[in-house]
Amino acid sequence: MSRTREEILRDIISDESKVPHYHLPSPLDFDDGRRVENAFEWVNFRRPEILDFYRREVYGYPPPRPDRSWSEIIAVKNNALDNNAIRREIRLHFAMDNGESRFMDMILYIPKNIRYPVPVFLGLCFNGIHTITDEDDVHITELERPGQNKTDENRGCQAYRWQFREAIRRGYASAAVCYHDIFPDRADGWEKSIYGMFYPGIECEKIHCRHSSIGAWAWGLSLALDYLETVPEIDGSRTAVHGHSRLGKTALWAAANDTRFRLVISNDSGCGGAALFKRVFGENVEAIINYMPQWFVAGFEKYSGREAEMPFDQHWLISLLAPRPVCIASASEDWWADPKGEFSAGVHASEVYRLFGVDGLAGENLPPAGQKINGAVSYHLRAGKHDQMPEDWQHYFELADIFLKNRSMLQV
Ligand code: GCU
């Protein structure tokens, strides 16, 4: 019998002294006990083993590609953001020969008066693309948004989380899709999601054994990148994928599956994202499954209350990104997402980065709030609450300048 939310929350650990002793399995140990000795063995043998493990046990298998996909530009504004940008609203259509189809709407800002092609930021947003820009003439997508109203009132309410003007000023394109377009974020969102297009008439329970909503959102990011690669003003090989919170979990998983994402940004991704499960600090497996069961494959719930027995932890997920640069960001008051667990996962993933001759993240203790650590595995702790703020973006832009604009050797 599953426990009530109240019971689950009663047992949440928010006191560092209650964190159990735990053992972190090294990503470099093969299932059969052998040890990875070099980057070749990692890339060709161990990485696929871990990726397959995550697909089977955590986020599910990537959905297939649609039989057909095409894009439709539904609006263009050539003098956007005070005439500094071109704004396009694009409907990405997906269709199957079985007659099913879905679409997702992208907002794309491209800087003007600059040499093309430019690098691009890509992320998913929570409440519809009209909510993330301060321009008030973006169309409102008529798709379901669980728990939200699609009105003019929420226009621009999360614009601060996107920093489009600053991206443009610095010479980056920036694109977003609303995650609900891909999988409406509720436990029974399966049929309307992209899975309903691939598996018409199949019960959700069956699909949930092999797939998850995070897997669908990650798929959406890859298909969005397919489109960006076709935009002449954009250099799709210089794409940063980013996400906040559940969408930070998604950004990590998207980049684990799709190595075209060159820079990976996980903002306050917490449990099921960058944070270590085994610390069981803040949100734990039982709490997250109880809150949003669709985020993970059905079998993942076997780890509820059994973090100590997990044969892996989230430093493995981060190690799947090596040697590509990744930034893990936390917020000091975001105890629910466990900043220390997010930082530690970066530290422990670093042994895989070192196989490639690059330094990862060093240290045992969280750096003070406001201090940025740069490198192949970057980190910062922002003072404040669970959110994605301009201060976080300052770090992301700095890293993009290093890894996307100047094309550091790390990316070779
Ligand atoms: C909840 C959930 C987190 C998630 C967050 C979000 O707080 O418990 O796991 O990251 O929502 O996505 O906003």
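Predicted model: local features only at pLDDT ≥ 70, side-chain atom pairs only at ≥ 80, totals over all residues.
In soluble globular proteins, nonpolar side chains tend to be buried together. Here the largest nonpolar core has 95 residues, and those with the most contacts inside it are Tyr54, Met106, Leu108, Leu228, Phe300 and Phe312. Helix 7, spanning residues 213–228, gives the most to this core, with 11 residues. Another core, of 15 residues, lies apart from it and includes Tyr172, Ala240, Phe397 and Leu399.

Aromatic rings come next, with 35 aromatic pairs in the structure. Trp162 and Phe164 form a tilted pair, 5.8 Å centre to centre with 35 degrees between the planes. Trp162 is buried, and Phe164 counts as buried at 5% relative accessibility. The ring planes of Tyr303 and Phe312 stand at 65 degrees, over the 60-degree cut-off, so this pair is edge-to-face, with the centres 5.9 Å apart. Both of these residues, Tyr303 and Phe312, are buried. They also belong to a cluster linked by ring pairs, whose members include Phe53, Tyr54, Phe277 and Phe300. Rings meet charges as well: the charged end of Arg34 sits over the ring of Phe30, 4.4 Å from its centre, while Arg91 lies over the face of Phe103 at 4.0 Å from the ring centre.

Finally, Ser269 lies in the loop between strand 7 (263–267) and helix 9 (285–291). Ser269 has a relative accessible area of 1%, under the 20% cut-off, and is therefore buried. Its side chain makes a polar contact of 2.8 Å with that of Ser266 and reaches the backbone nitrogen of Ala274 at 2.8 Å.

How values were computed. Residues numbered from 1 in each chain as written. Heavy atoms only, no water. Helix = DSSP H or I, 4+ residues; strand = E, 2+ residues; numbered from the N terminus. Buried < 20%, exposed > 50% of the residue type's maximum accessible area, 1.4 Å probe, protein only. Polar contact = N/O pair within 3.5 Å; in protein donor to acceptor, adjacent residues only side chain to side chain. Core = buried A, V, L, I, M, F, W, Y, C linked by side-chain atoms within 4.5 Å. Phe/Tyr/Trp six-rings, centres within 6.5 Å; stacked < 30°, edge-to-face > 60°. Lys NZ or Arg CZ within 6 Å of the ring centre and 35° of its normal.
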